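This briefing is meant for a reader who is meeting the structure for the first time. Please keep the sequence and the model in view while going through the points below.

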Amino acid sequence: MNRQSQEESNPSMATPKSAASRKSATKQAAPKKAAAKKAAAKKAVATKAAQAVPKLSPSAVVPKALAAKGASIEGFIAALEGWQQAIVRPLAALIAKEAPEAAAYVKWGHPVWDVGGPFALVKPAKGHVTLGFWRGGQLSDADGILEGEGAGMRYVRIPQGGALPASLAALVREAVALNERHGDPLKR
């Protein structure tokens, strides 16, 4: 039987740890505990700072309460910064004019317009507002204003201070017609 197994079977044979080795183990654990306390304190400060930030900070475009499903489009627009309102409000009016039968609601954190399924969305960003079309790849984009690739989503970015492209009305009408013809683009 080796010494370790003898010590395990007879604890009185085990050599006690020296005071120096116990002190060394304590010294090694102390920095870990201090680091853990420091990390916890840092996290608490960060949490308090995050709670103190107003809901509409420069990095946030819309308060979460308004981006929630069921919020009104007008409430969403009212929560935007001035230049974003100046783009989103006419976009919403244009879509309402060109697709009066469309349901408008806030879903996925931004306004969505729906005729037999979603056909358009508006998403404000820091320096531009995006108007996206679910069937954008199928739209006849005579002016070449749509960005993106593939048969699905295509979009127009309207920069801060920019004007709405004249061909948007035709794109909205065509997007509605595609949804009426092919059904909900989310159910492929």
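This is a predicted model: local features need pLDDT of at least 70, side-chain atom pairs count only at pLDDT 80 or more; totals for chains, interfaces and linings use all residues.

A residue is called buried here when its relative accessible area is under 20%, exposed when that value is over 50%, and partly exposed in between. By that rule Phe76, which has a relative accessibility of 0%, counts as buried.

**The chain as a whole**

- The protein chain contains six helices and five strands, and from the N terminus on these elements follow the order α-α-α-α-α-β-β-β-β-β-α.
- Of the 188 residues in the protein chain, 32% count as buried.
- The accessible surface of the protein chain is about 11,500 Å², and 58% of this area belongs to carbon and sulfur atoms.

**The nonpolar core**

- The largest nonpolar core has 34 residues, and the members that touch the most other members are Leu91, Trp113, Phe119, Leu131, Phe133 and Leu168.
- At least two residues of this core come from each of helix H4 (73-78), helix H5 (82-98), strand E3 (118-124), strand E4 (128-133), strand E5 (154-159) and helix H6 (168-182).
- Beyond its neighbours within four places in sequence, Trp113 is in contact with a set of residues that includes Ile73, Ala92, Ile95, Phe119 and Leu121.

**Salt bridges**

- Side chains of opposite charge can pair when their charged atoms come close.
- How many salt bridges does a search of the whole structure find? The search finds two, and each is described below.
- Arg89 forms a salt bridge with Glu74, and the closest N and O atoms of the pair are 2.6 Å apart. Because Arg89 lies in helix H5 and Glu74 in helix H4, this pair ties together parts that are 15 residues apart in sequence.
- Both partners are partly exposed, Arg89 with a relative accessibility of 33% and Glu74 with one of 46%.
- Glu98 and Arg173 meet through their side chains in a salt bridge, with an N to O distance of 2.5 Å. Here Glu98 belongs to helix H5 and Arg173 to helix H6, so the pair ties together parts that are 75 residues apart in sequence.
- Glu98 has a relative accessible area of 18% and is therefore buried, whereas Arg173, with a relative accessible area of 43%, is partly exposed.

- Not counting residues up to four places away in sequence, Arg135 touches Gly152, Leu178, Asn179, His182, Gly183, Asp184 and Pro185.
- Gly148 is also found in the loop between E4 and E5, where it is partly exposed with a relative accessible area of 35%. Its contacts, leaving aside neighbours within four places in sequence, are with Arg154 and Tyr155.

- His110 has its place in strand E2 (residues 110-114) and is buried, with a relative accessible area of 6%.
- The side chain of His110 reaches the backbone oxygen of Trp108 at 3.0 Å.
- Trp108 itself lies in the loop between strand E1 (103-107) and E2, and is partly exposed with a relative accessible area of 45%.
- Most residues other than glycine have a negative phi. Trp108, although not a glycine, has a positive phi of about 60°.
- Apart from residues up to four places away in sequence, His110 touches Phe76, Tyr105, Leu121, Val122 and Lys123.
- Phe76 is found in helix H4, and the C-alpha atoms of Phe76 and Arg89, which are 13 residues apart along the chain, are separated by 10.0 Å.

Note on methods
Residues are numbered from 1 along each chain as its sequence is written. Side-chain values use heavy atoms; hydrogens and water are left out. Helices (H or I, at least four residues) and strands (E, at least two) are DSSP runs, numbered from the N terminus. Buried means under 20% relative accessible area, exposed over 50%, partly exposed in between (1.4 Å probe, protein chains only). A polar contact is a pair of N or O atoms within 3.5 Å; within protein, one must be able to donate a hydrogen and the other to accept it, and residues adjacent in sequence count only if both atoms are side-chain atoms. Contact means heavy atoms within 4.5 Å. A nonpolar core is a set of buried Ala, Val, Leu, Ile, Met, Phe, Trp, Tyr and Cys residues joined through side-chain atoms within 4.5 Å. A salt bridge is a side-chain nitrogen of Lys or Arg within 4 Å of a carboxyl oxygen of Asp or Glu. Accessible areas come from the Shrake-Rupley method with a 1.4 Å probe; for residues, only the protein chains shown count as cover.
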